[in-house]
Amino acid sequence: MAACLLPFIVPAVITGFIWSLPGDPASLICPPNICGGTAALAERWNLDGGPMQFFLGWMADATTLEFGNSWRLHQGLPVLELLKEAIPTTVSLISVATLVIMAGAVMATRGWLPRRLDPVLRFVGLVPALVLALAGAAAIELTFGFGSFSESGKLARLLIGAAVLGVADGAFTGAALGTRTTFETENQSRYVGIAVLRGEQPLANTWPNVAPSVIGQMRARIIHLLSGAVVVEVVLRIDGLGDLLWGGTLRQDFGVVLAAATLFASVSAVLLVIQAVLETLVALHVRKAPSGVRVSG
Amino acid sequence: MNRRVPLVVAGACFAALLGAAFVAPEHLGNIRPDLALKGPLDVFPFGTDTRGRSLWDYAAQGASVVAIPAFSAGIIVAIFGIVGGLLRCVGSERVNAMIQWFSEIVGALPRMVVILVVALLLPRDQRSLFPLAWTWAILAAPGAMDEAASVAERLGGSRFVEALRAHGYSASRIFLVHVVGFNLRPVVVRQGAETMMHVVFLEIALSYLALAENQPSFTHADSLKSWADLLKLGYPSLIPSLDYHSGHALLLALGLLGLVAVMSIAIGRSARAR
């Protein structure tokens, strides 16, 4: 349900806000003392027919991947071009950061992260993304100097950015400690004890039961990473979607923000769908297994 | 568990934050080029900026920017948490389904994206941290409600309430004292304290990102300085080749962030059950 609604809710809310603010939307987006003839601008931006016309028109265009042009950030450039340039970078950033938190979850589950490290993890988890990103930016400046925008510099920015995203704001700590707690709680169930007595591994028994919870946690953490990408991309000067969204917000470019925010919402919706599919597969697996077990009467 | 130590620490940190906010000067002090970038040993208590103005003014103005909005956001989240826990105790399936729907929608949105959309729509002459802090609180609310509802569930939910009714307890005593006071308190207070901390971090992040692009902040008037200005001032000291002696500003900024983090943890621990 949420997955279906998200890509519509975000532009609808933005449209609603534009019309709920005092003053006419065209002059709000571009004040008359800067733009002059706001009536012509309103017509060009489809703002002259009320919120419903604007929303429906924008959504109809968006379904054909037509997001219009940037209003201020890169005036006149098609927003789709900006998105095309930004998306691969952000996808790489989030993918590597996801690997970092998944590594944390696996290490904690397998017992490779000693418990005496928990206080350290908790402390590191408190550090905000901005502070770690600044440290990362300084490390890049020190290492690459003027060459920090070379190909190797860009790669370093991406990797450091992903590491910052994966560790800051409790991402790694939450993944490691959260997943471990989930498994430990499940391990206390009677069926796990019986499985151990039968000589089986606890993980093989608990995994199907905790998988929906772990999948849900992982989705929430990826959304958290998407949120943090804005700060990391701007501080580390990574030309991704977060940087684009921030630039659009700062310069009040509604064209860019509408498209970027809707894209973020769509990614979130896709993650919800993936979660639902995985949960269904796990449920089917649980229903199917165990095979070959017969209750003797 | 002894709650006295965290209570004292939380109280001291909160008093320091509020105290600094209330005594914050309206404008920074006079420019003194001869005192530029002096350390705390030269100019008490925190040293000076590039124009010889005391960093205390920065710290106090930054506290005035974040203190009340962050506190109000914490209160909002705590209230949402209480409502979530109480509704679980009431045991209405329809209400719980509505809460789950609300949680799914709000929880699925990347928070920073929503914050930026709200920031975009704020009129430039009404810039303040309040709307952003309250938006953050609403985005954090589903988590708090979920956790409080889980606590209420473990407690027995509506069966717990019925049991206390059978003992002749009044509704206010059951819900306010037993459910909220004795059982939900640790969760909602911790969630509120964490939200306070996150709002402070959010303000610093937004202000820093705006500063990095030489743009006005969304969270406060141009005449005020935020703790992000301290970070911006101190950052070049991390690069020795720049020969910029502003490490004291960086340390002060990190110290202030640490103070907020310690306050948040201490508030959470002081609310734990004995």
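Analyst: Buried here takes 20 or more other C-beta atoms within 10 Å of a residue's own, exposed takes 12 or fewer, and partly exposed lies in between, with C-beta atoms placed from the backbone. Helices (H or I, at least four residues) and strands (E, at least two) are DSSP runs, numbered from the N terminus. The model is predicted: local features need pLDDT of at least 70 and side-chain atom pairs count only at pLDDT 80 or more, while totals for chains, interfaces and linings use all residues. Residues are numbered from 1 along each chain as its sequence is written, and chains are lettered from A and ligands numbered from 1 in the order in which they are written.

User: What follows H11(A)?

Analyst: A:Gly199, which has a positive phi near 90°.

User: And how many residues of H13(A) are buried?

Analyst: Ten of the ten, so H13(A) is largely enclosed by the rest of the structure. Among them are A:Asp243, A:Trp246 and A:Thr249.

User: What covers them?

Analyst: The cover includes helix H6 (79–110), H12 and H14 of chain A, together with helix H4 (111–121) and H7 of chain B. Contact means that the C-beta atoms of two residues, placed from the backbone, lie within 7 Å. Just after H13(A), A:Gln252 takes a positive phi of about 50°.

User: OK, the interface then. How many residues does each chain put in?

Analyst: Chain A gives 33 residues and chain B gives 31. On the chain A side, the elements with two or more residues are helix H1 (2–20), helix H8 (129–144), helix H12 (202–235), helix H13 (241–250) and helix H14 (254–288).

User: What's that side made of, by class?

Analyst: On chain A there are 28 nonpolar, four polar and one charged residues touching chain B. For the classes, Ala, Val, Leu, Ile, Met, Phe, Trp, Tyr, Cys and Pro count as nonpolar, Asp, Glu, Lys and Arg as charged, and the others, Gly among them, as polar.

User: Zooming out, what's the secondary structure of chain A?

Analyst: Chain A has 14 helices and zero strands. Its radius of gyration is 24 Å, well over the 19 Å from the globule rule for 297 residues, so chain A is more spread out than a compact globule. That radius is taken over C-alpha atoms, and the rule is 2.2 Å times the number of residues to the power 0.38. The C-alpha trace of chain A spans about 85 × 55 × 30 Å along its principal axes, and 39% of its residues are buried.

User: And chain B, how many helices?

Analyst: Nine, with zero strands. The C-alpha trace of chain B spans about 75 × 45 × 35 Å along its principal axes, and buried residues make up 48% of its 274.

User: At what angle do H5(B) and H7(B) pack?

Analyst: Helix H5 (residues 129–155) and helix H7 (residues 171–212) of chain B pack at about 150°, with axes 9 Å apart. That makes H5(B) roughly antiparallel to H7(B). Axes are lines fitted to C-alpha atoms, for helices over the stretch in contact, and angles run from 0 to 180 degrees between N-to-C directions. Under 35 degrees counts as roughly parallel, over 145 as roughly antiparallel, 65 to 115 as roughly perpendicular and the rest as oblique.

User: Which residues meet there?

Analyst: In H5(B) they include B:Trp136 and B:Glu147, and in H7(B) they include B:Gln191 and B:His198. The residues of this contact divide into 17 nonpolar, four polar and two charged.
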